[in-house]
Amino acid sequence: MTENLENQSQDNLEASLAQVQSLLAKMRLVEELVHKQGGPRQALVENLVHKQNLSELQRKLEELHPADVAYILEALPLDERRLVWGQVKAECDGEILLEVSDSVRESLIQMMDKAELLAAAESLDTDEIADIAADLPHDVIQDLLTSLDAQKRAHLQSALAYPEDTVGALMDFEMVTIRVDVTLEVALRYLRRLGELPDQLDKLFVVGRDDRIIGVLPLKRLLTTDPEVSVAAVMVEDFVKFHPEDEAQEAAQAFERYDLVMAPVVDAQGRLIGRLTVDAVLDYIRESADADMLSMAGLKEEEDLFSSVWRSAKNRWMWLAVNLATAFIASRVIGAFEGSIEKLAALAALMPIIAGIGGNTGNQTIALIVRGLALGQITQANARRLVLKELGVALFNGLLWGSVVGVFAWLLYDNLALGGVMALAMLLNLIVAALAGIFIPMTLERMKRDPAVGSSVLLTFTTDSMGFFIFLGLATVLLL
């Protein structure tokens, strides 16, 4: 059922994008035809047609959720994005800026003046303002701080004070607290008086006189227990809580492990200062996954799908340069055995097989290790057994597929010794690939670097260079 709903939602999104693109294409076509017709009142007619087209586009955008508009903006080239962004209602600007990717947000902000940016930011909650603050001009932030009331200003400054990958940067301040010494009837009357409750609210925070949190009251207990019972009698005293300095990744794992919807954030003295919600955690997980995927592909940062050629090229330079350097080293390994290749041409045809299979094996190991490191499952206590296990897998696969490749080379070139060299080289390179797949990400982790960034490039360098060296070296020693 959930999968069907997700597919339907994606289909609706794609249909909305297609409709907007069709409207934009129709606008261009109609305006070109009107322009070609000419006439004494051409400018007036063109202006009227343009306004009609914009009005139709605006009506379509008003039907869409801000998140859907964000999706459409990300899929449009810059000129069409500018046109669509100009037709979005001003009161939706803030929500859309919050939903789009960082790179697209930057392009949208460049299209807005200071007054528009201030109005968009002021429509958001303080934790949401903190999410986009890094992309806003400095003078807009200063004016924004001046315009907020004292409480919101303090909340915003607090959120901006924490590093990006911490709980403090993700928390919000929409909390509902009750005293421990009241009855459930009093708590219910308090909720009815509030009228509107924060999103993702599944529990109330129970605090003492000094604002220290001493428990949580799940809403299901509040609604199903006798109203005359005291809060102290039904509250949960064993609950998950976080500190603002905690790593967001660890908090995300706790949300998954304990099926949390929200959790309190407390200071060093145990005083309640905010809350962490599942929607903030899911956004963080998605952004982290996107960043890891881009990093593994050798991109320095998130790239707008339609950013300029110059900017896109610059974003891809670093790892391309690293890859070029490692490829040059691998070519020098081959160059050192030019004499052997000249004597036995079959070596040139077979050596890419060794390197390719080694790279595939190493990538499988890296994926496993990076995931284990991200989840905190790899420790000093189990690292040795993990290494032995991966070596065992490499040894088994090396014997199996090395034998297959060896027989293939023997039958293809009618050379039993060449088949034996092929099988042995495959075995040794799979062992090298497994070791590289383990120690490259673990070394990066120990150096406080993201193990997903650059691992695949370093692995390719290792498996290519060592694969060529092992295969050509064995061939030189045993065959020539």
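**View 1. Area buried between domain 2 and domain 3.** In this predicted model, domain 2 and domain 3 together bury about 560 Å², with carbon and sulfur atoms accounting for 48% of that area. The size of an interface is often expressed as the accessible area lost when the parts come together. Across this interface, five residues of domain 2 are in contact with eight residues of domain 3.

**View 2. The side of domain 2 that touches domain 3.** Helices α15 (248–258) and α16 (278–296) each contribute at least two residues to this side of domain 2. The largest share, three residues, is supplied by α16. Classified by residue type, the side of domain 2 that touches domain 3 comprises one nonpolar, three polar and one charged residues.

**View 3. Division of the chain into domains.** The chain is divided into domain 1 (10–167), domain 2 (177–296) and domain 3 (309–479). Taken over C-alpha atoms, the centres of domain 2 and domain 3 are separated by 48 Å.

**View 4. Helix α6 and the helices that cover its buried residues.** Helix α6 spans residues 102–110, and its residues Ser103, Val104, Arg105, Ser107, Leu108 and Ile109 are buried. The elements covering the buried residues of α6 include α3 (66–74), α4 (78–86) and α5 (93–99), together with α7 (114–122) and α8 (126–132).

Note on methods: Residues are numbered from 1 along each chain as its sequence is written. This is a predicted model: local features need pLDDT of at least 70, side-chain atom pairs count only at pLDDT 80 or more; totals for chains, interfaces and linings use all residues. Side-chain values use heavy atoms; hydrogens and water are left out. Buried means under 20% relative accessible area, exposed over 50%, partly exposed in between (1.4 Å probe, protein chains only). Helices (H or I, at least four residues) and strands (E, at least two) are DSSP runs, numbered from the N terminus. Contact means heavy atoms within 4.5 Å. Domain bounds come from an automatic or database domain assignment. Buried area is the accessible area (1.4 Å probe) that two parts lose on being put together, summed over both. Ala, Val, Leu, Ile, Met, Phe, Trp, Tyr, Cys and Pro count as nonpolar, Asp, Glu, Lys and Arg as charged, and the others, Gly among them, as polar.
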